[in-house]
Amino acid sequence: MERTEASTKHGLINTISVAYNKMLLNPAYKYAVLLLGLPVNLVVLFFYFVQRTKDTYSSVRDEIKFELIDTGYRDDLRAEIEEQSLRKHVFFGQEVKQEELKRQVDKITEAQFHKTLLERTNEKLKHSNQKRMTFAGTFTSLIKHPLFLIGTFIPGLPMYILILLYGNSYLKYIFERLVMSMFVILGVAVLVFTILHLSPFHPAANILGETATQEQIAAFNKMHGLDQPYFVQLWNTLKGIATFDLGKSFSGSEVVTTTIASKFPITLTLTIISLVIAIIIALPIGIISATKPNSFFDYTFIFIALIGLSIPSFWQGLIFILNFSIKLQWLPATFNPQNWLSIIMPVVVLGTGLTAAVARMTRSSTLEVINEDYIMTAKAKGLSQRQVLLKHAVGNAIIPIITVIGLQFGGMLGGAAVTEKVFNISGIGSYIVDKQFIPDIPSIMGGVVYTAITISLVNVMIDILYAFFDPRIRSKMKQY
């Protein structure tokens, strides 16, 4: 038991030290780990300067450098490089100026001399069982002491969390995707706010009407902060998004976050149900079509898929209402949360294009894979058609299919406004459309940015699925 705890502790310390060394060599993480663990790094820096006085690396390096110069190594190296450069220019028939040639030779000579110097210095230190004193090496030696780890745990907690995230390839992969998503969301927020700020529509004039006086417009602008400079308004908006407090809308004085929280679930529910049904239908159809190319089923599927991709959603919704609601009276024409039948037509309309797109991608991706050599080998081993498809073909064809599903989900979530308008659904899409002509900046910013957050999280999940299905991505993750 004690041996297990000791090995676990040693493994944790080793993980921290290895990850810390790698992060200092990675420009993207170097400054983050130094700033997050500033108190700890200051302590390490102090010990580094204290121990540096005992470091023999500089003296050994200078000694070897003088030896190389005294023996004429640098002059011989320069003469050799100059001769090689002249031969190269003569061989290719190139004319070169003496100054340019001298500059090139000096640059190559210094690089090669420095490389040789480092190699011989490290070799001599290795023979004498010595190591070069570095900042990362000082941290590695200190972290092995329990008192140092206990004393720096609280002030260095953010740094240690980041180090552990970096040390686990899967957590690092997810963390990097989340950070990238944050920058995307920030870019979306800045872009949307800038467009609204430059919009020719004036909120005060649209809400108060044509009879509004200049005093009333000025009071409206002051009440909602529209009289402040652009960067002040942008900062307040970004702060409101981060704290989930965008204030009240310009029209109706409703709390924006509360309103979005009541309208967003129905749009998300509608999109997810459409997505699930589309996947259930599209994947089998696409696989079957790929296994029977140029057949009657294949041609029929391609024809139906083209129709599904070409039909405008608003026209399809109106046709559904005309036939299934007015003529046949099977389904309600408008959405009613109390009646589950009212969601059938919106789900079908929203999922038609997605079903067609996923089915076509499944067909083309599977068709490309089943002609590969490893599929032929699997068939030659006597595996059944079903085993070949499920174990070998689908697994390798799934990556582009997942990509299409992720892209289409974002398009469905952002483009659900048309379907919501047709079926009178009070969702986030129709909410943004109603507010954009004012323009009601807090309401639009909340709707667009929180939709972008949802899409970004879905994209992170898609990236995780990539690593789950593709071993090549997993192996690449472990290399960094």
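Between which helices does the loop that holds Phe244 lie? Phe244 lies in the loop between H13 and helix H14 (256-291). Helices are DSSP runs of H or I with at least four residues, strands are runs of E with at least two, and both are numbered from the N terminus.

## Basis of the report

This is a predicted model, in which local features need pLDDT of at least 70 and side-chain atom pairs count only at pLDDT 80 or more, while totals for chains, interfaces and linings use all residues. Residues are numbered from 1 along each chain as its sequence is written, and side-chain values use heavy atoms, with hydrogens and water left out.

Most residues other than glycine have a negative phi, and most peptide bonds are trans. Phe244 is not a glycine, yet it has a positive phi of about 55°. Phe244 is exposed, with a relative accessible area of 54%. Here buried means under 20% relative accessible area, exposed means over 50%, and partly exposed lies in between (1.4 Å probe, protein chains only).

Gln329 is a residue other than glycine whose phi is also positive, near 55°. Gln329 is found in the loop between H16 and helix H17 (344-369). With a relative accessible area of 63%, Gln329 is exposed.

## Helix H13 and its partners

Two packed helices are described by the angle between their axes and the distance between the axes. Axes are lines fitted to C-alpha atoms, for helices over the stretch in contact, and angles run from 0 to 180 degrees between N-to-C directions. Helix H13 (residues 230-242) packs against helix H22 (residues 441-469) at an angle of about 55°, and their axes are 11 Å apart. H13 and H22 are therefore oblique to each other; angles under 35 degrees count as roughly parallel, over 145 as roughly antiparallel, 65 to 115 as roughly perpendicular and the rest as oblique. The crossing of H13 and H22 is right-handed. A crossing is right-handed if the near helix is turned clockwise from the far one by less than a right angle, and left-handed if anticlockwise. On H13 the contact is made by Thr237, Gly240 and Ile241, and on H22 by Met445, Val449 and Tyr450. Contact means heavy atoms within 4.5 Å. By class, four of the residues in the contact of H13 with H22 are nonpolar, two are polar and none is charged. Ala, Val, Leu, Ile, Met, Phe, Trp, Tyr, Cys and Pro count as nonpolar, Asp, Glu, Lys and Arg as charged, and the others, Gly among them, as polar.

H13 also packs with helix H10 (residues 169-197): the axes come within 11 Å and cross at roughly 135°. H10 and H13 are therefore oblique to each other, and their crossing is right-handed. H10 contributes Leu186, Ala189, Val190, Phe193, Thr194 and His197 to the contact, and H13 contributes Tyr230, Gln233, Leu234, Thr237, Leu238 and Ile241. This contact of H10 with H13 has eight nonpolar, four polar and no charged residues.

## Helices H3 and H7

Helix H3 (residues 38-52) and helix H7 (residues 135-143) have axes 9 Å apart and pack at an angle of about 105°. H3 and H7 are therefore roughly perpendicular to each other. Among the residues in contact are Val44, Phe47 and Tyr48 of H3 and Phe135 and Phe139 of H7. By class, the contact of H3 with H7 holds eight nonpolar, three polar and no charged residues.

## Nonpolar cores

A nonpolar core is a set of buried Ala, Val, Leu, Ile, Met, Phe, Trp, Tyr and Cys residues joined through side-chain atoms within 4.5 Å. The largest nonpolar core has 63 residues, and those with the most contacts inside it are Ile241, Ile260, Val358, Phe423 and Met445. Apart from this core lies another, of 22 residues, including Ala19, Leu24, Tyr48 and Ile163.

Neighbours within four places in sequence aside, Met445 is in contact with Ala189, Val192, Phe193, Leu196, Thr237, Ile241, Leu246 and Tyr450.

## Polar residues within helices

Helix H16 (residues 313-327) contains Ser313, which is partly exposed at a relative accessible area of 27%. Not counting residues up to four places away in sequence, Ser313 touches Val349, Val418 and Thr419. Gln316 also lies in helix H16 and is buried, with a relative accessible area of 8%.

Ser456 lies in helix H22 and is buried, with a relative accessible area of 7%. Leaving aside neighbours within four places in sequence, Ser456 is in contact with Ser181, Val184 and Ile185.
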